[in-house]
Amino acid sequence: MKSFSRVVVVGLGYIGLPTAAILASRGIKVSGVDVNQATVDAVNAGRVPFVEPALGDFVEKAVADGMLSASTETPAGEAYIIAVPTPFNADKSANLDYIKAAAGNVAPLLQGDELLILESTSPPGATEIMAEHIFSIRQDLRESNLLFAHCPERVLPGRVMEELVTNDRIVGGITREAAEAARDLYSVFCEGEMLLTDAKTAEMAKLVENSYRDVNIAFANELSVISSRLGINVWELIELANHHPRVNILQPGPGVGGHCIAVDPWFIVAAAPEESLLIRQARETNDAKPNWVIEQVRQAAAGLSRTPKIAALGLAFKANIDDLRESPALSIAAQLADEFPESSILAVEPHVSAMPKALAGKSNVTLEETDAALEKADIVVLLVDHDQFKAVPATALAGKAIVDTRGLWR
């Protein structure tokens, strides 16, 4: 069994930092790398620059114990975990520039016997592309014993520190030796089953998991549109249908966000465009849902005699977190500002303290506390089912037009 005493984690975001912290908690010296100086400074101060329950305790202790440090420069290590963003291009294909940049910074440091793990969600073949990029820089290492693997994460925001430990882990290597080495590293903290395969299958497995969920969400979102057209309460409809022993319809919402479900299916579509018809349609159905929400607001505004003040409750992509990546709620708030330029858009997000960049340039948007926004608003658009919004009393909504995309106040 291969052992590691020094690991470098490149990318200290929602996955990289938890991974770095939990490795450090198990006695491995971890160096974190990030291009954002503010993130580096926060970690070195023992703080977490985003909301994730329990992570703060891990980071604070690891830094205090001298087991975790952060820098904008990449140091040498025995193993490297690359956990950088993989956004999509205008044509929905994967942008691998961040992976190549990270690999390019690692390449000069390599001796030829290190383990390199790509943890970023990636299209099939990305791990091989990363390896080839390194070899293009270091031709002298082509015959070395460098090991390349892909180990996708499958954790739920808000439960990351628990699920890193308890979830089963897919480990794919370009070679069997690479898969086994990656397994040995993750076994330091992972108590779930370690499932070894090749790198391309591991890459595809993560995309398939999220595409499966996207298709099921699209079914629920399409049901909500159909039900509205037919005058049916979709929440009651789904509750009744789910009494069937083999039916489990998900809950609809304003769209799909986050760094996984809203992005990953497009990587499959780009890899096999002629074959991925259902996956493409699900993505288009979910991407269209924010426009449907805007139409509901238009209809609510048409029934008012004055220019409405509109409260948009929630900007994160899911409940009780501060993650705004690909958030349909944030997109809807921005569209509302453009659609109703004479209206005041009262944006409410209890998990952020500053105006998001997507809204910062819009003069008719203000960031408000929940009670203040509800008091001022003529139209209330519920976009995220944060616990704080569940506690809103019916009296606070009296006399207001309600667009409830989560069924929170049904």
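Predicted model: local features only at pLDDT ≥ 70, side-chain atom pairs only at ≥ 80, totals over all residues.
I started at Lys61, which counts as exposed at 54% relative accessibility. My cut-offs, with a 1.4 Å probe and protein chains only: buried is under 20% relative accessible area, exposed is over 50%, and partly exposed is in between. Residues are numbered from 1 along each chain as its sequence is written, and side-chain values use heavy atoms, with hydrogens and water left out.

What does Lys61 meet in a salt bridge? I found the side chain of Asp65, at 2.6 Å from N to O. The criterion I used is a side-chain nitrogen of Lys or Arg within 4 Å of a carboxyl oxygen of Asp or Glu. Asp65 is partly exposed, at 46% relative accessibility.

I ran the search over the whole structure and got 20 salt bridges. I looked at some of them.

Arg283 pairs with Asp287, their closest N and O atoms being 2.7 Å apart. Both residues sit in helix α11 (residues 277-302), four residues apart, or about one turn of the helix. For the record, helices (H or I, at least four residues) and strands (E, at least two) are DSSP runs, numbered from the N terminus. Is Arg283 buried or exposed? Arg283 is buried, at 0% relative accessibility. Asp287 comes out partly exposed, with 38% relative accessible area.

Next I checked Asp378 and Arg306, whose side chains meet in a salt bridge at 2.4 Å, N to O. This pair links distant parts of the chain, 72 residues apart: Asp378 is in the loop between α14 (370-376) and β12 (379-382), and Arg306 is in the loop between α11 and β9 (310-313). Asp378 is buried, with a relative accessible area of 11%, whereas Arg306 is exposed at 54%.

I also noted a network of salt bridges that links Arg159, Glu162 and Glu163.

I took helix α4 (residues 97-106) and helix α5 (residues 126-137): their axes come within 9 Å and cross at roughly 40°. The axes are lines fitted to C-alpha atoms, for helices over the stretch in contact, and the angles run from 0 to 180 degrees between N-to-C directions. α4 and α5 are therefore oblique to each other.

The crossing of α4 past α5 is right-handed. That label means the near helix is turned clockwise from the far one by less than a right angle, and left-handed means anticlockwise. Which residues of α4 make the contact? I listed Ile99, Lys100, Ala103 and Gly104, and on the α5 side Ile129, Met130, His133, Ile134 and Ile137. Contact here means heavy atoms within 4.5 Å. Ala, Val, Leu, Ile, Met, Phe, Trp, Tyr, Cys and Pro go down as nonpolar, Asp, Glu, Lys and Arg as charged, and the others, Gly among them, as polar.

α11 brings Pro290, Asn291, Val293, Ile294, Val297 and Arg298 to the contact, and α12 brings Pro328, Ile332, Gln335, Leu336 and Glu339. I sorted the contact of α11 with α12 into seven nonpolar, two polar and two charged residues.

How many of the ten residues of α1 (residues 16-25) are buried? I got nine, so I wrote this helix down as mostly covered. The buried set includes Leu17, Pro18, Ile22 and Leu23. Just after α1, Gly27 has a positive phi of about 90°.

Lys29 is in strand β2 (residues 29-33) and is partly exposed at 36% relative accessibility. Leaving out residues up to four places away in sequence, I saw it touch Ser5, Arg6, Val7, Gly66 and Met67.

Last stop was Glu342, in the loop between α12 and β10 (345-348). Glu342 is exposed, with 68% relative accessible area. I put its C-alpha atom 7.4 Å from that of Asn364, 22 residues apart along the chain.

Conventions
Parallel < 35°, antiparallel > 145°, perpendicular 65-115°, else oblique.
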